[in-house]
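Please work through each task before reading its solution.

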Amino acid sequence: MKLTANNVLIAFIIGLLLISNMGLVFAGTGSAPDPLTIDTDHTHAQKKSVTIGHKMVGGNISVVMGLDGFAGGNVAVSSGLDGLLIVDDMLQGFEHKLENILSALKKCEDCGNLKYLINTHGHFDHTGTNEYFGSNTVLIAHEAVPSLLAAEQELKAFNMVIPATRPVGLPDITFTNKSYIYFNGEEIKLTHYPNSHTSGDIIVYFKQSGVLHLGDLFFNGMFPFIDLEHGGNIKGMISSTEKILEHYPADTKIIPGHGAVANMIDLRLYLQMLKETSREVEKSKKAGMSLESIQNQGLDKRWSSWSWKFVSTETWIALIYNSL
């Protein structure tokens with residue numbers, strides 16, 4: 001089944017709407033996020049019903065996410081006298097909601113609008129509004145991302161084909177290993193972690209604010225999706241997570257690709273899950289068990305709450321099995 005840009009959300013939303021019942025809330029102060037008035041000019045009822053909220057994470061950095069449904073990846077926003085910079089954007093169709101909330105986060109009228117948009121990787125739920133913002137914004141990503149976005153993306157695991165992104169939504173600047181931006185009074189470090197969630201994953205560290213956006217290297221409290229067709233691998237995910245825990249301060253605040261704002265303790269638990277579940281599957285595979293048999297056997301019950309409709313326990317086992 002080939003899904004067009006207009007109906008791809010409908011197929012995807014079935015699993016992702018469960019997020020609203022999984023504690024996908026803002027961490028930190030415990031105060032309620034600020035809701036944005038819902039726009040009414042979108043085609044799909046699902047998009048009309050999803051509220052977008054924002055909350056300060058640390059320093060100049062806020063996070064924007066869907067509060068009662070799925071709007072795409074978590075968006076980090078740097079707001080200051082230089083203007084606005086965001087890390088990732090949302091699904092196609094949420095352009096105006098995101099634009100409205102960015103306007104609300106501006107520090108002053110003459111600070112300028114959105115200057116930079118950084119994509120942590122090339123999946124459509126993190127790049128869906130690239131085309132909308134691309135004509136007036138500098139788009140930045142890893143060098144593997146432009147070719148991925150410029151062609152149809154087939155996600156066989158979910159029987160989906162994502163349409164190609166038009167040139168206006170493709171990155172203007174790419175890099176190989178590391179890059180730096182100096183914006184709103186702080187150093188912003190971009191680092192590539194290869195063959196993890198995809199081949200083109202980067203993380204973004206706001207040094208003075210002490211905030212780290214991990215993109216889809218981190219699904220907080222959920223089994224992650226690993227895009228095996230585009231360079232992802234369970235062992236790469238484990239290696240990358242280990243390195244991140246080694247290289248960043250213990251008090252770092254973390255914006256995951258999906259899930260609540262987190263800390264390094266949450267990331268350590270995530271790493272433990274990655275290691276223990278992959279060991280279980282690898283042991284069974286080496287013993288000669290088929291994928292179906294391992295899925296029927298399941299995983300240790302301590303990880304049962306990490307299963308969700310998009311990446312169930314059975315799907316997670318298959319992703320590990322096919323990574324090994």
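**Exercise 1.** Determine at what angle helix α7 and α8 pack, and how far apart their axes are.

*Solution.* Step 1. In this predicted model, helix α7 (residues 234-247) packs on α8 at an angle of about 150 degrees, with the axes 10 Å apart. Axes are lines fitted to C-alpha atoms, for helices over the stretch in contact, and angles run from 0 to 180 degrees between N-to-C directions. Helices are DSSP runs (H or I, at least four residues), numbered from the N terminus.

Step 1. The angle therefore makes α7 roughly antiparallel to α8 (under 35 degrees is roughly parallel, over 145 roughly antiparallel, 65 to 115 roughly perpendicular, the rest oblique).

Step 2. The contact (heavy atoms within 4.5 Å) includes Ile234, Met237 and Ile238 of α7 and Leu267, Leu271 and Leu274 of α8.

Step 3. By class, the contact residues of α7 with α8 comprise ten nonpolar, two polar and five charged. Ala, Val, Leu, Ile, Met, Phe, Trp, Tyr, Cys and Pro count as nonpolar, Asp, Glu, Lys and Arg as charged, and the others, Gly among them, as polar.

**Exercise 2.** Describe how α8 and α10 pack.

*Solution.* Step 1. Helix α8 (residues 264-286) and helix α10 (residues 313-323) pack at about 70 degrees, their axes being 9 Å apart. The two helices are therefore roughly perpendicular.

Step 1. From α8, Met273, Leu274, Thr277, Ser278, Val281 and Lys285 meet Trp316, Ile317, Ile320 and Tyr321 of α10. Seven nonpolar, two polar and one charged residue make up this contact of α8 with α10.

**Exercise 3.** Identify which element gives the most to the lining of the second largest pocket.

*Solution.* Step 1. Among the residues lining the second largest pocket are Leu84, Glu99, Leu102, Ser103, Lys106 and Tyr132.

Step 1. Two or more lining residues come from each of α3 (95-105) and α5 (130-134). The most come from α3, with three residues.

Step 2. The lining of this pocket has five nonpolar, five polar and two charged residues.

**Conventions.** Residues are numbered from 1 along each chain as its sequence is written. Local features need pLDDT of at least 70, side-chain atom pairs count only at pLDDT 80 or more, and totals for chains, interfaces and linings use all residues, while side-chain values use heavy atoms, leaving out hydrogens and water.

Terms used. 1 Å grid on protein atoms, 1.4 Å probe; cavity = no way out; pocket = protein on both sides within 12 Å on 5 of 7 lines; lining within 4 Å.
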